[in-house]
Amino acid sequence: MASDPKVHLFEDVVKHSEIKDCWLIIDGKVDDVTPFMEDHPGGDEVLLSATGKDATNDFEDVGHSDSARDMMEKYYIGEIDPSTVPLKRTYVPPPHTQYNPDKTSEFVIKILQFLVPLLILGLAFAVRHYTKKEE
């Protein structure tokens, strides 16, 4: 590693996300893994999926060997400027409106869907009963 490493901006690193030009950010270091694309045991798709973000978690989740970590040194091209890396977004669920079945139109529609067929059926029986000729 150089004594005074080059500091890369996140916006610049993101531009290198193709098979013939692939840079990764792992542990605050920028690695140009383009020469390793064909040799990576997981395939080039794995490396490409880790571009455009901090790939530290992706790298650590796989559980790389010490030799793989040592191999990364030859792809090192500098450090990432941490102030340019976007913060991870935490999922914020949308606010839920209070559901009150007594005051919604959906509740009225469901009641009517149940009552209208019963009323029609009752009406049909009443008409049949009163119009039936006695034999």
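1. Ala, Val, Leu, Ile, Met, Phe, Trp, Tyr, Cys and Pro count as nonpolar, Asp, Glu, Lys and Arg as charged, and the others, Gly among them, as polar. By these classes, the lining of the second largest pocket divides into five nonpolar, no polar and five charged residues.

2. A word on the basis. This is a predicted model, in which local features need pLDDT of at least 70 and side-chain atom pairs count only at pLDDT 80 or more, while totals for chains, interfaces and linings use all residues. Residues are numbered from 1 along each chain as its sequence is written, and side-chain values use heavy atoms, with hydrogens and water left out.

3. The overall layout comes next. The chain has five helices and five strands. Helices (H or I, at least four residues) and strands (E, at least two) are DSSP runs, numbered from the N terminus. Read from the N terminus on, the order is β-α-β-β-β-α-α-α-β-α. Of the 135 residues in the chain, 22% are buried. Here buried means under 20% relative accessible area, exposed over 50% and partly exposed in between (1.4 Å probe, protein chains only). Among contacts with a separation of 6 or more, 67% join residues 24 or more positions apart. A contact means heavy atoms within 4.5 Å.

4. Now the largest pocket. Its volume is about 340 Å³. The lining has 20 residues, and the closest to the pocket's centre are Phe 36, His 40, Leu 47, Phe 59 and His 64. On a 1 Å grid over the protein atoms alone, a pocket is an open set of points where a 1.4 Å probe fits, with protein on both sides within 12 Å along at least five of seven lines; lining residues have an atom within 4 Å of a point. Grid points are joined across faces, edges and corners, and a volume is the space filled by probe spheres set on the points.

5. Which elements each supply at least two residues of this lining? They are strand S3 (21-26), helix H2 (44-49), helix H3 (56-62) and helix H4 (66-71). By class, the lining of the largest pocket has 15 nonpolar, three polar and two charged residues.

6. The second largest pocket holds about 170 Å³ of space. It is lined by 10 residues, of which Asp 27, Lys 29, Arg 69, Met 72 and Glu 73 are the closest to its centre.

7. Asp 31 deserves a look. It sits in strand S4 (residues 29-32). Asp 31 is buried, yet it has no salt bridge. The nearest side chain of opposite charge, Lys 29, is 7.3 Å away. Lys and Arg count as positive and Asp and Glu as negative; His and the chain ends are not counted. Leaving aside residues up to four places away in sequence, Asp 31 touches Cys 22, Trp 23, Leu 24, Ile 26, Met 72, Tyr 75, Tyr 76 and Ile 77.

8. How many salt bridges does a search of the whole structure find? It finds three. A salt bridge is a side-chain nitrogen of Lys or Arg within 4 Å of a carboxyl oxygen of Asp or Glu.

9. Asp 12 and Lys 15 pair at 3.8 Å, N to O. Asp 12 is partly exposed at 34% relative accessibility, whereas Lys 15 is exposed at 59%.

10. Asp 58 bridges to Lys 53, with the closest N and O atoms 2.9 Å apart. Asp 58 is partly exposed at 31%, and Lys 53 is partly exposed at 34%.

11. Glu 60 bridges to Arg 69, with the closest N and O atoms 3.0 Å apart. Glu 60 is partly exposed at 33%, and Arg 69 is partly exposed at 30%.
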